[in-house]
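Biologist: Could you take me through this one and show how the labels get assigned?

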Amino acid sequence: MPYRWTSDTDLELTPHRSLPPQGFAAVILTFFTLAMIPLTAFLGTVALWGLLPFALLATWGLWWGLRRSYADGLITEQLRIGEAETLLTREGPRDSHAEWRCNTYWVRVTDHETGGPVPHYLTLSGNGREVEIGAFLSEDERKRLGPELRAAFRRT
């Protein structure tokens, strides 16, 4: 699961990574190898030097796109449910930081089954604000997380 309870009242959420670093290297190497196969017909000709920059540019474009996608997915959300105060922090890509605090007694967990941007849109509300939690989770993961959050708030 892309989320885990580190204690009864502390939750960490991170997006699922479908391409680990070893897979990233394998994709780039495979793409480069497959891009070079057609160029073997031009070995020993001047045309090779005209086509080679395009193959290298395509490989660089794939590398850059995958690295950018990976960097954009560096998101961490932490929820700490205290007796007096609940704190939700979100660390995002390119040093973005957001925080939400509320008296634990007033926190409401809402599962918007329909009507949200995605099915089973999870929010925490209190202190005059409503904030989303686990925007990057799949629908099934949000369905599972909702009852777990309600149970955690009932325990405090």
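What follows is a chat about labels and the cut-offs behind them.

Modeller: Ground rules: this is a predicted model, where local features need pLDDT of at least 70, side-chain atom pairs count only at pLDDT 80 or more, and totals for chains, interfaces and linings use all residues. Residues are numbered from 1 along each chain as its sequence is written, and side-chain values use heavy atoms, with hydrogens and water left out.

Biologist: Fine. Why is Ser125 called buried?

Modeller: Buried means under 20% relative accessible area, exposed over 50%, and partly exposed in between (1.4 Å probe, protein chains only). Ser125 has 7%, so it counts as buried. It touches, among others, Trp100, Trp106 and Glu130, not counting residues up to four places away in sequence; contact here means heavy atoms within 4.5 Å.

Biologist: And where does Ser125 sit?

Modeller: In strand β7. Strands (E, at least two residues) and helices (H or I, at least four) are DSSP runs, numbered from the N terminus.

Biologist: How do you know that β6 and β7 pair?

Modeller: Pairing takes at least two DSSP bridges between two strands. β6 and β7 have 5 and run antiparallel, with Thr110 partnered by Thr123. The open sheet has the order β6-β7-β8.

Biologist: What makes Glu77 and Arg90 a salt bridge?

Modeller: You need a side-chain nitrogen of Lys or Arg within 4 Å of a carboxyl oxygen of Asp or Glu. For Glu77 and Arg90, the closest N and O atoms are 2.9 Å apart, so the pair qualifies. The pair links distant parts of the chain, with Glu77 in β3 and Arg90 in β4, 13 residues apart.

Biologist: Last one: what makes a group of residues a nonpolar core?

Modeller: It's a set of buried Ala, Val, Leu, Ile, Met, Phe, Trp, Tyr and Cys residues joined through side-chain atoms within 4.5 Å. The largest one here has 19 residues, with Leu11, Leu79 and Leu145 among those with the most contacts inside it. Its largest share, 4 residues, comes from α3.
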